[in-house]
Amino acid sequence: MFPTLNVILQTVLLIIGTYIFYHAVSIFINYRQNKKIFNGAKGPEKYHWLFGSFFYFPTDSHELAMYLIEMCNKYGSDQGYVVFWGLLGKPILAPSCPRITAKLLKSNEPKSMGLDGAYRHLYPWLGDGLLVANGEKWARNRRLLTPAFHFEILKPYMNVYNQSADVFVKKLAAQAKTNERFEVFQHVCMYTLEVILKCAFSYSEDVQTAGDSNEYVNTVNRITDAVTYRFLNPLMYFDTIWKFSSIGRQFKKDCEFVHTVAEEVIDNRRDALNEQDSTKGSRYTDFLDILLTARDEDGQGLTKLEIRNEVDTFLFEGHDTTASAISWILYSLAEHPECQQKCQTEIDEILAGRETDDLDWSDLSHLEYLTMCIKEGMRLHAPVPAITRDITQDFDLGDRVAPKGTTVIANIWVLNHMETIWGSDHMEFKPDRFSKENVDSIEHFQYVPFSAGPRNCIGQVFAMNEEKVILTKLLRNFSFRLDPSHTVKRKMSSVMRTQNGMYMFVEKRKT
Ligand code: HEM
């Protein structure tokens, strides 16, 4: 009556075999079709049947960054894009001209959430926050969150940037006395984390001096490190392997911890708001106030989970990115004393006769040369090196049509280093590229450090203001010099980091 164990085993094996066969055949058919579509399209010739072009990529992240520039200049100059091959013969396109970049960024194509999709790694932490969400959910929340970046809300943050910058200056003043080199990235990161915690939910603790003893700060840092680790290790893309790895297990615990802290803060603030029935008190309006009071056309607010996701998204997008930008800009200024000095002269003129070196809102538009250096620094170093989309509709490249399912990478790093766009000196720091006379010749989608189109960076004005304030404070008080015995190596992850630190000497200025 009952099938024997043997029959059950044979049936299971047959089902598994059919499943594998079916997938192997469809992968093969897709691969053949894609090969046909991209026949004659330019890209690195060497590829592996399983790992595609990745198999031949340099394993060192710094060398990889340089290799991508070389490949895109070699193959993408005329064509406007370069074809790479991903896992199991999946085509990956990297636009290398403003036209195709514009087409991608103007579209509403979703963020890549597949096995190799970078945004998937952020999901357990950020959920459907603005950065990761797609479709209707994203559109509604973007509408609700836009008022949080209105200039009336951003203006009072000038005090936050200035006060936290004073703490940084104090720390560096002690450092200057030692005459020893210091690692820039970690200090800047503590500064930007403190700023975003204060602006997101009026976090009152002193992150920069507390350093390693603050559990929340340590946890956020561990989470961002874990995301970077997973991003750079394809084996960890498989959920089962990740969940059982020690970093994956710690990541889960850490996410639970920061979620609990955020939920407590949200509950407390909601209670306080109900009592006062107003967002105003003695403090400024922070992002959390806006999130709690936002209402859509139907009068619906955000749920606790949605608010938590947005707060965590601001924390992630709002501190690692700015830390990378500020550190690399400082790096270029330290490497070019003549540019550093020009910034200092401009800053000294603006602050002449003032009692403090605090910048006001109205000063921001007068920092012309510093702004040119900031823009050029973000071009040269691309704080967010790349963003990806999985296209859901056929995508016209001009000379052929990429099929839906193709991954398209807006590789900001590469775009900033195309010779056809920036000239053969693209690896040099030349702030004059962004001078009044030259800036008009920069095409709209040629320079997109904050992305562009509907999914551009909602925090770009916040970021530019923060960069101007901290760089002003630092350059007003100190001069910076690179440690000549240390060569900085890049590490490309969700933001541009370093593999081996960024060391400088700092000297107190006599102003
Ligand atoms: C120099 C600093 C920054 C850079 C270079 C930067 C760059 C970017 C880029 C390239 C994107 C597009 C990401 C994608 O399409 O996947 C983005 C999106 C985003 N950024 Fe920034 N960002 C910076 C600072 C900030 C700050 C300070 C905040 C918040 C306070 C922020 C919040 C966001 C959010 C929420 C998104 C998602 C927007 C959406 O999809 O609607 N960013 N950023």
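Trainee: Where does Gln 446 lie?

Mentor: Gln 446 sits in the loop between α19 (436–439) and α20. Helices (H or I, at least four residues) and strands (E, at least two) are DSSP runs, numbered from the N terminus. This is a predicted model: local features need pLDDT of at least 70, side-chain atom pairs count only at pLDDT 80 or more, and totals for chains, interfaces and linings use all residues. Residues are numbered from 1 along each chain as its sequence is written, and side-chain values use heavy atoms, with hydrogens and water left out.

Trainee: Is Gln 446 buried or exposed?

Mentor: Start with the cut-offs. Buried means under 20% relative accessible area, exposed over 50%, and partly exposed in between (1.4 Å probe, protein chains only). Gln 446 has a relative accessible area of 6%, so this residue is buried.

Trainee: Which backbone atom does the side chain of Gln 446 reach?

Mentor: A polar contact is a pair of N or O atoms within 3.5 Å; within protein, one must be able to donate a hydrogen and the other to accept it, and residues adjacent in sequence count only if both atoms are side-chain atoms. Here the Gln 446 side chain reaches the backbone nitrogen of Glu 443 at 2.9 Å.

Trainee: Which residues come nearest to the ligand?

Mentor: A residue is near a molecule or strand if one of its heavy atoms lies within 4 Å of it. There are 28 residues around the ligand, and Tyr 119, Trp 138, Arg 142, Glu 317 and Cys 457 come nearest. Arg 142 also places a polar side-chain atom 2.7 Å from a ligand oxygen. For Lys 111, a side-chain N or O atom is 3.1 Å from an oxygen of the ligand. For Arg 389, that kind of distance is 2.9 Å.

Trainee: Which element supplies the largest share of the shell?

Mentor: α14 does, with six residues. At least two residues each come from α5 (135–145), α14 (304–335), β4 (387–390) and α20 (460–477). Now sort by class. Ala, Val, Leu, Ile, Met, Phe, Trp, Tyr, Cys and Pro count as nonpolar, Asp, Glu, Lys and Arg as charged, and the others, Gly among them, as polar. The shell has 15 nonpolar, seven polar and six charged residues.

Trainee: How many salt bridges are there?

Mentor: A salt bridge is a side-chain nitrogen of Lys or Arg within 4 Å of a carboxyl oxygen of Asp or Glu. By this rule there are 32. Take Asp 320 and Arg 497, whose side chains meet at 2.7 Å, N to O. This pair links distant parts of the chain, 177 residues apart: Asp 320 is in helix α14 and Arg 497 in strand β10 (residues 496–498). Asp 320 is buried at 4% relative accessible area. Arg 497 is buried at 12%.

Trainee: Which residue does Arg 354 meet in a salt bridge?

Mentor: Asp 363, at 2.9 Å, N to O. Arg 354 has 31% relative accessibility, so it counts as partly exposed. Asp 363 is buried, at 4%.

Trainee: Which residues are linked in a network of salt bridges?

Mentor: Glu 376, Arg 379, Asp 425, Glu 428, Lys 430 and Arg 433 are.

Trainee: Which residues of helix α4 are buried?

Mentor: In α4 (residues 118–126), the buried residues include Tyr 119, Arg 120, His 121, Leu 122, Trp 125 and Leu 126. Just after α4, Gly 127 takes a positive phi of about 50 degrees.
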